[in-house]
Amino acid sequence: MKSILTNTISLKDDEDSYLFHEGECLEFSSTKEQADQLSEVALFFDQFFSALRDSDLLYTESHIEVDHALIIANILKNGHILLTITNTAPHAHSNLQHKRPIIQTPRSLVSNKTPSKPLDKKPTALSESAQLAIKKILINYLGPASTIIFNDVYSKWGALEQPTEKSRANLLKLLAEELYTQDEKIKFQAKAEVILKKY
Amino acid sequence: MNKDSISKMITIHGVNGISLLNSENEALLSNIKDQQISEAFVFLSSVMPDLEALLAMGAVKQVMLKGAGQQNLSTFAHKKNTLCIQSDPLLSATLLGQQIRSAIG
C-alpha cells in the first residue's frame, strides 16, 4: 500500500512532511525523533482548527513563517494533521539535496508500538500538553477567547501560590470562576479533573 | 508603525482589512467591520506565543490562515503589537509578507 504522504504531496529537497492523528505520527519523511518532537505541535493544530471550526471559521490551512523555516499545517477531511516544514535558510537547498527522504512509517521502525512522548521544554506543575487539553475544554464554553483567559488565569495562579501538582485543583477553581453558569462550572471542573489525572 | 505605513498597507492590491492589536489583544486601530473576523484575529494573535514556544524554531514572523472560499487572515508580529491583515485568497503569504514588511520599513 502506498503511503498517504507520497499519494498526496510531492516533497522538494528542502521539505519534510509529517502526518499526525491525535498527536500520533502516522507517517513522516524525516526521522522518528523529529516526528516525536512535533507531536505537541500537531496536537496544538488539532485544537487550533477545532476552535476555528467551533466559531464557524472554515479555515483548514495555516502558514507559519519563522526565521529559517516555513511551516504549513493542514487539517485533512479525515481529521489528520499534515505538517510540512520547508527549510528557508540561505544554503538550505545545497545542504540538504543529498538527503531525499524516504517516506517511513513509525510502525515499520518500532516493533512494539510506543506512544510518542511529548518533550516538555521545562518541568512545570502543568505540562504544555495538559495546558492545551484544558484550553480545548475551555473553548467549548468561552470560544476563541479561551486561550487569553487561560493564560491570564494561569499567570494569576502562579502569582497566588507556588504552582505544584497538589495545587492544580486551585487552578481549575480559578478557571471555573470565569464561566457563566453554575452548570458550566461543574461540567468544566469534572472534565478538567479527568484531564489532570492523565498528565 | 506610523500613518504612512498603514496607508501603504491599505493600498496593497488584495488587502481588504487591517487591524493593529496591542499586547493585550485590544484593537489600537481597525477598519474591519466583521466581528467574527476581528475575533478570529484576537484568537490568532493570542495563540502565537504558544505556537512559538511549541515550535522552538525562533520568532514567529507571520501566520496566515487559508480556507476554501475564505478571505486569508494573516498576523505579523510587530514589536509588542500584532498587525492583522485580511486579504484576497489569491495574494500569497510570501508576497503579502514582503509587501507588509516593505510598508513597515
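How many helices and strands are there in chain A? In this predicted model, chain A contains nine helices and five strands. Along the sequence these elements follow the pattern α-β-β-α-α-β-β-β-α-α-α-α-α-α. Chain A has 199 residues, of which 48% count as buried. When contacts between residues at least 6 apart in the sequence of chain A are considered, 53% of them join residues at least 24 apart.

Chain B is built from three helices and five strands, and its pattern reads α-β-β-α-β-β-β-α. Of its 105 residues, 49% are buried. Among the contacts in chain B that link residues at least 6 apart in sequence, 46% connect residues at least 24 apart.

The two chains meet through a pair of helices. Helix H3 of chain A (residues 39-54) packs against helix H2 of chain B (residues 35-55) at an angle of about 170°, and the two axes are 10 Å apart. Angles over 145 degrees count as roughly antiparallel, and H3(A) and H2(B) are therefore roughly antiparallel to each other. On the side of H3(A), the contact is formed by Glu40(A), Val41(A), Phe44(A), Phe45(A), Phe48(A), Ala51(A) and Leu52(A). Their counterparts in H2(B) are Phe43(B), Leu44(B), Val47(B), Asp50(B), Leu51(B), Leu54(B) and Leu55(B). By class, the residues of this contact comprise 12 nonpolar, no polar and two charged.

H3(A) also has a packing partner within its own chain. Helix H6 of chain A (residues 128-142) lies against H3(A) at an angle of about 10°, with the axes 10 Å apart. H3(A) and H6(A) are therefore roughly parallel to each other. H3(A) contributes Glu40(A), Phe44(A), Gln47(A), Ala51(A) and Asp54(A) to this contact, while the residues from H6(A) include Leu132(A), Ala133(A), Lys136(A) and Ile139(A). The contact of H3(A) with H6(A) divides into five nonpolar, three polar and four charged residues.

Attention now turns to the nonpolar cores. The largest nonpolar core comprises 44 residues, and those with the most contacts inside it are Tyr18(A), Phe45(A), Phe48(A), Ile64(A) and Leu83(A). The element that gives the most to this core is H2(B), with 10 residues. Which residues does Ile64(A) contact, leaving aside its neighbours within four places in sequence? In chain A, Ile64(A) is in contact with Phe45(A), Ala69(A), Leu70(A) and Ile71(A). In chain B, Ile64(A) touches Leu51(B), Leu55(B), Val60(B), Gln62(B) and Val63(B). A second, separate core of 23 residues includes Ala125(A), Trp157(A), Ala176(A) and Ala192(A).

Ser29(A) sits in the loop between strand E2 (24-28) and helix H2 (32-37) of chain A. Is Ser29(A) buried or exposed? Residues under 20% relative accessible area are classed as buried, and Ser29(A), at 2% relative accessibility, therefore counts as buried. The side chain of Ser29(A) has a polar contact of 3.1 Å with the side chain of Asp16(A). A polar atom of the Ser29(A) side chain also lies 2.8 Å from the backbone nitrogen of Ser17(A).

Definitions and conventions
Residues numbered from 1 in each chain as written. Chains lettered and ligands numbered in written order. Predicted model: local features only at pLDDT ≥ 70, side-chain atom pairs only at ≥ 80, totals over all residues. Heavy atoms only, no water. Helix = DSSP H or I, 4+ residues; strand = E, 2+ residues; numbered from the N terminus. Buried < 20%, exposed > 50% of the residue type's maximum accessible area, 1.4 Å probe, protein only. Polar contact = N/O pair within 3.5 Å; in protein donor to acceptor, adjacent residues only side chain to side chain. Axes fitted to C-alpha atoms, helices over the stretch in contact; angles between N-to-C directions. Parallel < 35°, antiparallel > 145°, perpendicular 65-115°, else oblique. Contact = heavy atoms within 4.5 Å. Nonpolar A, V, L, I, M, F, W, Y, C, P; charged D, E, K, R; others polar. Core = buried A, V, L, I, M, F, W, Y, C linked by side-chain atoms within 4.5 Å.
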